[in-house]
Amino acid sequence: MTQQGVRWSAEQVLALAPDAASRKAGGKLGAAGPWSEAGSTDEGTVWGLCKGSGSKPYQTVVDIADASGPAYKCSCPSRKFPCKHALGLLLLWAGGDGAVPQAEPPEWAEQWLEGRRKRAEQKRTEGGSGSPSGSADPEAARRRAERRAEKVTAGATELEQRLADLLRGGLAGAEQAGYGLWEETAARMVDAQASGLAARVRELGAIPSSGPGWPVRLLEECALLHLLDQGWLHRERLPEDLAATVRSRIGLPASPEGTPIRDRWLVLAQYDTADTRLTTRRIWLYGADSTRTALLLSYGAGGRAPELALPVGLTVEAEVSSYPGAGQLRASLGERFAAPVPTSIRPPGMTTAQAAARYGEALRDDPWLDSVPVTLERVIPTPDGESWQLADAGTDTALPLTPTARSRPGLWKLVALSGGEPVKVFGECGHRGFTPLAAWPQGTGEAVALC
Amino acid sequence: MNRTPDAPAWEELVTTALLGTDRRTPPGGDPAREAPVALLDAAAVETVRRRAGLLPARAADRPEPAPEDARPALPPAAARRLALLLADRAGGTGGGRRGTSPDLMELLPQWLTAANAHGYAAPPQMLPALLDAARGRTDLRPAALRFAGTRAVWLARLNPDWRFALRATPGGGTALPRPEEQERVQRLWREGLFAERVALLAAIRAREPAAARELLATTWATERAEDRLMFLDSLRTGLGPSDEPFLEQALADRSRNVRATAAELLSALPGSALAGRMAVRAGACVAVDRTRDIPTITVEAPHECDPSMERDGVVPKAPAGRGERSWWLGQLVEAAPLGTWPGRLGGRTPAEIVALPVADDWQAELHAAWCRAAVRQRDAEWARALLGTPSAPEAGGPGAVSLAERAKLLGTLDAGERAEWVAGFIARHGLSEAFQLLGVCAVPWAAPLGRAVVDALNIARDAGSYPWSFSGVMGLAERCLDPSEASRLDGLLAVPDEPEDASPGAGGYWAEAFQRLVTTLRLRAAMIEELNGTARAGDQPTRAERTAQPPETLG
């Protein structure tokens, strides 16, 4: 690609930050002051020297056009990734006020780029000669999988027992039992290598303190957990697709199997959720030609930002392969063919009634599904007592927002963008309500990220 | 979302689950399975059935759409800049050394002023961040709300956090009736909330001063005292001789604060009867004694504060520590029209009057009162006389007035003269006392003023002090210096050799401070270009482009 890659917005750059402190520190460095000899190339390399506390300035270089996401290199000792210097440099570049002119990379940056190119080349040739490890000894792999399945079966059986005990004594008792009981059970599920079960068990612990109506929610979640256990214990009697869904819900590893789909993928949303152990990043894509919606997941452990980051509102020409399972939207990003570019593509939308029906239908393939991605056509954010809803402009139906969406700043961005007029909104629609993630103004205009 | 009506079976399941299957037998269910397992089976089926059957809710009343914003959209580069400036706010500007990077939040006011001068519309999705910024900083509100436009007021009605936007916008965003819409005006004046009435009065006063006064007169007698005070205050706009009868009547008001305000307004009308009475009273106290070798002003302060003086707004009780008579004198001289003094004091010009010696230590009292009068009556000639030449050796000028008073006097001069005076002051006295005076100068600073500040900073650096002794002026310079001056600062960016008597490391810190100054100036130049729509991404702006900006665009 020789065409000048599009400059990112400040928000897109700040989305790369591993935490709030880095975002703040990077923001401070996003001005010409400490930088010297900064430059960029058409191919998407940005570099510069940043004056730090020492006598020698830090050498910072970023490759934003790389197929596997932006890559960073900085001579500073920070363990944050990307470090504040890389963020500041990208902000300076995003600012576009001439502080990062077009230039030839200096030798130190060129060296790093050269190294990366070589490694990428190697990987490509290796990739051609069959997948790396794992398939070396199929017999050993099968034995490992069997051992793990036995462990999971033991865990699922134990969990069934615990659920039965709970229902025998009554949910009312669960209110007093508190977190302890569930934490312990969750730990048992981790031992059983069933991380999906462990996560669900952990969530059960929070329900009794979640406000009015908790017995209904607790019964629902217990019942779905029971359903998952039963699905696992009787998986050989399930259709193959549903069995794959059960395996992935239980937490067994899977790898993308679908044939890669090359498309112009519009990045609809990118957001992180974090618990004490893990940061999970979800990126929703919409394929302009395939009209498919795909979910990329990326994880960061121990407070690090997940590595994959895509600029919301731009399209990426890339290959995407889906994971196995019925109605599975999860996919993995393969090769990227060009730097992200702006687009006027918007996914087609539907009414609120169609969106609710879409969720209902999706439960056929995956009864554990909390929500489905949908785009609503012409909805108006409407206050409804203490809460908000997205009301169809043309009919008298509406989808309420989820409790979490109500308390996020994205709600007000959406309300401001709409100004009481219909807008197109992408988000997740499920049994708790609708979570808006991106919106398009009337007329032309890029997607506005709401998360 | 709405659930389809729950089958009684589900409610029964929940009740049984709460109590436990030991106490209550679940309905139906597979008798071959254990009771709790049968309950879970049934609940799983019901849960999925309930979720799959979810229907959308009935729509609530949709909000009235926001009024159309006809202003043109921001150029893309300017919109990105605004996002950066607002993002800096979100990051907070905690403590710590500032280093060489600019303080973006401090540039937001200028950015807003420049954007408003262009008449751009705010990008709707940035309104929440903009309102949050204005919520935290009241000084930002007028420009932020103007830029935010009608949609921000529409938003503020939906979010209590932004109520200030309704208070700050006349009529809470609903269009105020025009003065000619008699009936609507009357109704709003009779029935409106206090803030609405103040806004209505101010709006009418700005267009038709007499109509506003007449409107106020219709209900004057029935208003509460604190409301009367606020309403009276809005007459400051467009004050003219025709207001005198109304104000004279207010001199007899029950409330002392209302009386004082009425008197103050009347004294600003040199032709008013009150001003005339004050001129007589003050004139009786101040005279020129020609019998001395040098003509000298003599002062005979009033011996009493009679009821007629009190009625004209003179406060009889002096604050603690001040003599009653000098307190009364100060009030008389402050309220007397300055135009009477040349006639009273031998045909002298204000400059000559100020230069006269004053007998018996009355000079400070008398000159201070004249200063207040010059500010109140916005009399540039007297202000000039009282300020004196900026290079006068005593840091006070002949008026010997405080810095605060001088700042106010400067406010009566036009921008160019003000800048020149402050430049002269800085050249003579340095920066240590200049902060307050710089604050009243027009932005961007005129060339002579900018140079005086840079030279003084340079001198301070060479003297070996630390830059943070000048952080206030440095901060002002970052925001107010004309961006085209940036190139003149290039020589100051290097770390100089340290002179022997300098504070250790000061040179490095100065270089850092000047780097920040230059960076900020460049950033401001870029901001202006982006708003002009002339910035091209990736292009280094040429010097010519940078200096071609009319300085007025940065307010």
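Here are some questions and answers on how the parts of this predicted model meet.

This is a predicted model, where local features need pLDDT of at least 70, side-chain atom pairs count only at pLDDT 80 or more, and totals for chains, interfaces and linings use all residues. Residues are numbered from 1 along each chain as its sequence is written, chains are lettered from A and ligands numbered from 1 in the order written, and side-chain values use heavy atoms, with hydrogens and water left out.

Q: What makes D370(A) and R51(B) a salt bridge?
A: The term asks for a side-chain nitrogen of Lys or Arg within 4 Å of a carboxyl oxygen of Asp or Glu. The closest N and O atoms of D370(A) and R51(B) are 3.9 Å apart, so the pair passes. Between chain B and chain A the count is 6 salt bridges.

Q: How do you know that chain B and chain A are in contact?
A: Contact means heavy atoms within 4.5 Å, and 70 residues of chain B meet that rule with 76 residues of chain A. There are also 22 residue pairs in polar contact, both at pLDDT 80 or more. That term means a pair of N or O atoms within 3.5 Å; within protein, one must be able to donate a hydrogen and the other to accept it, and residues adjacent in sequence count only if both atoms are side-chain atoms. On the chain B side, α2(B) gives the most, with 12 residues.

Q: Why is an area given for the interface of chain B and chain A?
A: The size of an interface is often given as the accessible area lost when the parts come together. Buried area is just that loss (1.4 Å probe), summed over both parts. Here the figure is about 5700 Å², and carbon and sulfur atoms give 63% of it.

Q: Why are β13 of chain A and β1(B) called paired?
A: Two strands pair if DSSP finds at least two bridges between them. These strands, each a DSSP E run of at least two residues, have 2 bridges in the antiparallel sense, so they qualify. In one of the bridges, A398(A) has A57(B) as its partner.

Q: How do you know that domain 2 and domain 3 of chain A touch?
A: By the contact rule, 6 residues of domain 2 of chain A meet 5 residues of domain 3 of chain A. The two bury about 370 Å² between them. R202(A), D241(A) and T245(A) supply 64% of the area that domain 2 buries there. Across this interface, the salt bridge count is 0. The domain bounds come from an automatic or database assignment.

Conventions
Helices (H or I, at least four residues) and strands (E, at least two) are DSSP runs, numbered from the N terminus.
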